[in-house]
Each structure stands twice: as structure tokens, then as C-alpha cells.
Amino acid sequence: MNVLVFDDNEKLNEAGANIIVSLVQTNPRAVLGLATGGTPVGIYEQVVRMYKQGLVSFRNATSYNLDEYVGLPEDHPESYHTYMRRHLFDHIDLPADSAHLPNGNATDPDAECAAYDEMIERSGQIDLQLLGIGHNGHIGFNEPDTDLVRGTHVVTLAEETRKANARYFDAIDDVPKQAITMGIGSILKAKTILLVVRGADKAEIAKRALTGPITTDVPASLLQTHPRLTVLLDRAAARHLS
Ligand code: GLP
């Protein structure tokens, strides 16, 4: 595990963006696993800046997002489809048909999940999986549980997760109760993983995920088993790590 701690969030963003951009520079056909949430926004900003400087092209790259809410229209301001367009896809040359997210409005969600996994398989392994972490240790929307699921699946969101994400909606009742998420198996299959953790409110879970026992109670703790994991933390999130 390669752990890097930053005093300055801008430097963290640059480091995260550099990892993504360097990969695509050396392998223009890279398969990227992308994440949403507040955490990667600054990294995407830096990726867009580097693209606009002509340092990289995503023309031949492919992306798969971790998750999407069930039942939100694709063009809802808080859908992850909209998020990805707003923060990244509208500003780079990644072809629209190479940028994939689960369809949260599929009439047959189980078939949608199977099709999503098949598409990822057909693209080959994900070269780099970008991840944030929930306060309860979720990655993607893989919530703490006695069992974790390997492939893409429909998940019922933990109340804690709905409360955390309510800040983006008018009211908690507007936060969807379910999502489609890539499974832990798909995440761990990525060749490299880039976990990003920011803020004092994530310090406790960062410690449990990175140094605590490997347990399904903290899905992110399974990342400790990955041979090529890089973790970027700001100073506040790293304060319980020695
Ligand atoms: C969300 C997403 C995760 C994200 C996490 C933390 O609900 N499904 O992919 O990593 O929760 O979000 P944030 O970065 O806003 O703290």
C-alpha cells in the first residue's frame, strides 16, 4: 500500500489527476473505473485542466462508473450521469459511447447488472479504479454487511448513506433508497486502485479501513488485500494514521 498525505488539497488534486493522466498518456486505450461524490471533484477539475492544456486525450479510453441511483431520471441534477457530465465528460474528449454508468432506470435491474459486468469483462481489466469512501466504510455503494457481493448488483442504501447524501437533495425523502453498484469483486479486480480520503470526518474510517481488521463491516478494509493500492489523504483525514 502506498500512502501519501497532503497538507494542501490542491496538491492532492494534482497528484490524483497526474496518476490518471499519466496512465492514459502511456496507455491511451486505458480502462478507467470512475467515482462520484464530493471527494473526486477537485481531481476531475485538474484532469480537465490538463486535457485543455493538450497534455492528454481520452479519445481511445473507456470508463466505467461505480454506481448510479435507482429511479432517478438520467438527467436529474443529482444523478451520477449528470454529475459525470458536469465534472468531467462535458469537458474532455472521451467518446460518449465509451463512458459507461449503470442504468438506474432499467426495467430489469438484474439483467442490467449482468450486462454491466459483461461489458466490463469485454473491455478487459479496469486499469485504474478511483474510489472515495463513505463514513461507514462503503466503497461504491457496497454497504457494510455480513456478506459482500462480487459483481454489479442492486443495493438498499444504508440510512447513514442517505443522510450523508441528503445534502445534495432538497430533502432526505428525495434521496433514492436503492442504487446499482459495482461489487467488491469487480473493484478488487482492477489492476491498480486509487483511494482518496479527505476531511477530519473521514479520519476514523480511514484508520479502520487502512489499519483495522479486514472485515465486511468495513467494506473498504478489503482494499488492504489489493497488491497495487495507492491512498491519497489530506492531513485531516490522516490524523489517526501513524
Ligand atoms: C457516495 C458514493 C461513493 C462515495 C461516497 C463518499 O455515496 N456512492 O462512491 O465515495 O459516497 O462520498 P463523498 O466523497 O461525497 O464523501
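Is asparagine 136 buried or exposed? Asparagine 136 counts as buried because its relative accessibility is 11%; buried here means under 20% relative accessible area, exposed means over 50%, and partly exposed lies in between, with a 1.4 Å probe and protein chains only.

A word on the basis of these values. This is a predicted model, in which local features need pLDDT of at least 70 and side-chain atom pairs count only at pLDDT 80 or more, while totals for chains, interfaces and linings use all residues. Residues are numbered from 1 along each chain as its sequence is written, and side-chain values use heavy atoms, with hydrogens and water left out.

I turn to the annotation. An unreviewed UniProt entry places the feature "active site" at Asp67, Asn136, His138 and Glu143. From this set, Asp67, Asn136 and His138 belong to the lining of the largest pocket. UniProt positions are in the numbering used here, feature names are shortened, and annotations may be inferred rather than shown by experiment. A pocket, on a 1 Å grid over the protein atoms alone, is an open set of points where a 1.4 Å probe fits, with protein on both sides within 12 Å along at least five of seven lines; lining residues have an atom within 4 Å of a point.

Asparagine 136 sits in the loop between β6 (128–131) and β7 (153–156). Helices (H or I, at least four residues) and strands (E, at least two) are DSSP runs, numbered from the N terminus. Beyond residues up to four places away in sequence, asparagine 136 touches, among others, Glu143, Glu160 and Asp217, where contact means heavy atoms within 4.5 Å.

Aspartate 67 belongs to strand β4 (residues 67–69) and, at 4% relative accessibility, also counts as buried. Its contacts, leaving aside neighbours within four places in sequence, include Thr36, Tyr80 and Phe141.

Next, the ligand. Which residues come nearest to the ligand? Of the 14 residues around it, they are Gly38, Thr39, Asp67, Arg167 and Lys202; a residue is near a molecule if one of its heavy atoms lies within 4 Å of it. A polar backbone atom of glycine 38 is 2.7 Å from an oxygen atom of the ligand. For histidine 138, a polar side-chain atom lies 3.0 Å from a ligand oxygen, and for isoleucine 133 a backbone N or O atom lies 3.4 Å from one.

Asparagine 165 is part of helix α5 (residues 159–165) and is buried at 13% relative accessibility. Its side chain makes a polar contact of 3.0 Å with that of tyrosine 69. A polar contact is a pair of N or O atoms within 3.5 Å; within protein, one must be able to donate a hydrogen and the other to accept it, and residues adjacent in sequence count only if both atoms are side-chain atoms. Asparagine 165 also touches Tyr80, one of the buried residues of helix α3 (residues 80–87). The cover over those buried residues includes β4 and α5.

The largest nonpolar core has 74 residues, of which Phe58, Leu88, Leu195 and Leu223 touch the most other members. Helix α1 (residues 9–26) gives the largest share of this core, seven residues. Such a core is a set of buried Ala, Val, Leu, Ile, Met, Phe, Trp, Tyr and Cys residues joined through side-chain atoms within 4.5 Å.
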